[in-house]
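Have the sequence and the coordinates open side by side. The paragraphs below are meant to be read against them.

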Amino acid sequence: MTKRQINKVRMFRTVRDYLGTLEEDLSSAGMYSTLLRRFDGLLAAVDVAADYQTHGARGKVAAHRVAQEKMRSMLVVVGGVVHAYARTAGDEEFLMKTNVTRSALVKMRAEDALRIAEHIYDKALTVRDALAPYWLSSGDVLCEFRSVLDEAQVALVARYQSDVLRVSSSRAIRSIIADTDAFLTEELDRFLEQYLTCNPEAQLRYEIARRTHRFGMKRFGATGAPQVLLPVASHESAASRVGAGSSAVFSSDATASSGAAISNNNGDGLRAECAHL
């Protein structure tokens with residue numbers, strides 16, 4: 001995930017942790033538990049997509065690397081024998097197409113190395129009997145080479161598939177985060193309005209939890225030098241620094257400069273409004 005997405009998910013989890021402290025007060029509203037279950041489902045979906053994006057392809061990439069190393073090592077051996085035969089036979093075209101070295105193979109893409117290996121294998125099959133005196137091994141080297149090529153091909157396809165799924169998981173993360181944002185803004189925030197209006201302290205803490213911080217993201221200060229934002233100790237410490245008689249401004253985004261002001265000056269109005277709820 002990107003740093004922006006990580007910070008978003010941190011905000012989601014901070015909100016979910018705070019909502020857990022309100023269950024006793026809001027248990028009478030059956031919809032609250034339903035909303036929490038939906039919220040938990042969205043967070044779980046983010047975890048699944050992020051886990052595959054980070055770890056899902058590791059095994060396939062490692063298997064592809066091992067198969068490629070095995071294929072390249074054997075290609076040098078088979079290619080060397082076929083090249084020596086082509087030199088003896090005076091086949092210039094065959095000689096040029098089988099001139100492979102380990103240093104050259106290391107620089108090649110996996111697809112190119114596999115294509116050259118298949119070409120050399122096909123050429124070797126046409127002179128299979130003539131190559132018999134060149135092999136040090138008594139086994140069927142070309143048959144073994146064929147098996148190694150098949151393994152490398154399977155591993156390459158598996159790596160391609162993992163790349164596609166990794167890209168899909170990245171798209172899924174973006175979609176789930178957007179859905180969770182919409183869920184909070186359009187449903188959960190609206191549902192909690194009736195409770196938060198009557199509880200200024202709860203509203204203050206909820207607004208703090210809803211802030212999306214930019215931890216680890218660079219920004220440029222007045223001097224033009226990049227600054228890195230580091231996380232504060234906790235949201236609880238931030239809330240405790242806000243005095244009961246002070247006027248504070250909060251918003252759902254840490255970069256916003258305006259929001260809802262909470263002060264003791266509107267306490268009478270809140271009590272009068274809550275009396276009718």
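Predicted model: local features only at pLDDT ≥ 70, side-chain atom pairs only at ≥ 80, totals over all residues.

Start with helix α1, residues 3-20, and helix α9, residues 141-198, which pack at an angle of about 35° with their axes 11 Å apart. The crossing of these two helices is left-handed. From α1, the contact is made by Gln 5, Lys 8, Val 9, Met 11, Phe 12, Val 15 and Leu 19. The partners on α9 are Ile 173, Arg 174, Ile 177, Thr 180, Asp 181, Leu 184, Leu 188 and Leu 192. Sorted by class, this contact of α1 with α9 has 10 nonpolar, 2 polar and 3 charged residues.

Next is helix α7, residues 110-126. Its 17 residues reach 25 Å from the first C-alpha to the last, close to the 24 Å expected at 1.5 Å a residue. The buried residues of α7 are Ala 110, Ala 113, Leu 114, Ile 116, Ala 117, Ile 120, Tyr 121 and Ala 124. An α-helix has 3.6 residues a turn, so residues three or four places apart point the same way. On the other side of α7, Arg 115 and Thr 126 are exposed.

Pro 133 is 48 residues apart from Tyr 85 in sequence, and their C-alpha atoms are 9.9 Å apart in space.

Conventions. Residues numbered from 1 in each chain as written. Heavy atoms only, no water. Axes fitted to C-alpha atoms, helices over the stretch in contact; angles between N-to-C directions. Helix = DSSP H or I, 4+ residues; strand = E, 2+ residues; numbered from the N terminus. Left-handed = near helix turned anticlockwise from the far one by under 90°. Contact = heavy atoms within 4.5 Å. Nonpolar A, V, L, I, M, F, W, Y, C, P; charged D, E, K, R; others polar. Expected span 1.5 Å × (residues − 1). Buried < 20%, exposed > 50% of the residue type's maximum accessible area, 1.4 Å probe, protein only.
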